[in-house]
Amino acid sequence: MNRSALLTHIEDELPDYNLLCLERVDSTNSEARRRAAQGGNWIITSDAQSDGRGRLGRAFDSTPGGIYLSFTYRPDFPPENSLHLTTLAALAVHDAVYEICGVRPEIKWPNDLLLGGQKFCGILTEAIHTAPDYFLITGIGINASNELPEELDGVTSLRRFTGSAPDSERLAAGVLRRAIDLYSRSQTEKSALLERYAALCVTIGKTVSVSSGTSVFTGTSIGIDENAALLVRRESGDVATVFSGEATLSLLT
Ligand code: BTN
C-alpha cells in the first residue's frame, strides 16, 4: 500500500492517527497492539502477513494483492457500553465497497462480508486491557486482487467478482474513514446503526447451525439484540442469544 496515496484519500480526516504502511508483517493486529501499547492511536497496513489471524484462532490467508489493515480505538466509554465494533467495521466495508467498486455486499453475522454468497472479507476485533484503560484493535482483511488458494471453498475476491482490480488505497481509506466515524457515533446512534446492520445481514431469517464450544444446535435466526448478539429460535421455541466471540455459524438455507 502506498502511504502517500492512502493519505491523499484519507484527506486529513484522521489527524490523531499514526499511519504505518508495511510490506510484510506477522499480523497487522499484532503490530497495532505492539505500537498502541506504547501510546497513541495507530493504523497499520501491510501488503502481506506471515501470520494473519482470524476469529477463534484460525489462520487468515494473507498473500500479496489483498488489503490487510488494522486500526486502534480508545473509547471514552466503558467496555460494557461498547456496541460490538465488528458490526460497525462490517458496515464500513459494505459502504466503501458499494461506493468504490459498485457492488453491494451482504453481511454474514458477525464478521464476514460476501459477494455472490462467497466470502471476500473478514474482520477481527480484539480488546486490550491496560488498566485502568483499554483499547480496541479492529483488523480487516479484504480479498482485493490476491490469488485465492484452490483449497479454500466459498471465497472470492473483488477482482474475481467484479472483473477488475480495485484501487487499494482508495478502498482502504474509504473503509478506515467510515469505520472510525461510525465508532465515534456508536453511543449516540446505536439503535439506528444496529437496525442498518440487521437490514444488510443475510443471516437473519435463515436456518443456521450454531457451534459453540462442544454444543451444536440448529435454529432460525430471528434478529440481533442491543449488543449485536444473534438471536436464534431453537426447534423447542426457546430463543438462544449467540455471542460472536464464542460461536461459529453455518447458513443452512
Ligand atoms: C476472520 O475471517 O475470521 C477474520 C479475519 C481477519 C483478518 C484481518 S487481516 C488484517 C488483520 N490482521 C490479522 O492478523 N487479522 C486481521
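A pocket, on a 1 Å grid over the protein atoms alone, is an open set of points where a 1.4 Å probe fits, with protein on both sides within 12 Å along at least five of seven lines, and its lining residues have an atom within 4 Å of a point. The views below come from a predicted model, in which local features need pLDDT of at least 70 and side-chain atom pairs count only at pLDDT 80 or more, while totals for chains, interfaces and linings use all residues. Residues are numbered from 1 along each chain as its sequence is written, and side-chain values use heavy atoms, with hydrogens and water left out.

**View 1. The largest pocket and its lining.** This pocket has a volume of about 750 Å³, taken as the space filled by probe spheres set on grid points that are joined across faces, edges and corners. Its lining counts 41 residues, and Arg 58, Ala 59, Phe 60, Asp 112 and Lys 119 are the ones nearest the centre. At least two lining residues each come from H2, S3, strand S5 (112–115), S6, S7 and strand S12 (247–251); helices (H or I, at least four residues) and strands (E, at least two) are DSSP runs numbered from the N terminus. S6 supplies the largest share, six residues. Sorted by class, the lining holds 17 nonpolar, 16 polar and eight charged residues. Here Ala, Val, Leu, Ile, Met, Phe, Trp, Tyr, Cys and Pro count as nonpolar, Asp, Glu, Lys and Arg as charged, and the others, Gly among them, as polar.

**View 2. The ligand and its shell.** Look into the largest pocket again, and you will find that the ligand takes up this space (a molecule sits in a pocket if more than half of its atoms lie within 2 Å of the grid points).

View 3. A polar contact is a pair of N or O atoms within 3.5 Å. From the side chain of Lys 119, an N or O atom lies 2.6 Å from a ligand oxygen. Arg 53 uses its backbone instead, with an N or O atom 2.7 Å from a ligand nitrogen. For Ser 27, a side-chain N or O atom is 2.8 Å from an oxygen of the ligand. The protein buries 98% of the 420 Å² that the ligand exposes when taken alone (accessible areas by the Shrake-Rupley method with a 1.4 Å probe).

**View 4. Two cis peptide bonds in loops.** Trp 109 and Pro 110 are joined by a cis peptide bond with omega of about -5°. Pro 110 belongs to the loop between strand S4 (106–108) and S5. The bond from Ala 131 to Pro 132 is also cis, with omega near 5°, and Pro 132 sits in the loop between S6 and S7.

Terms used
A polar contact is a pair of N or O atoms within 3.5 Å; within protein, one must be able to donate a hydrogen and the other to accept it, and residues adjacent in sequence count only if both atoms are side-chain atoms.
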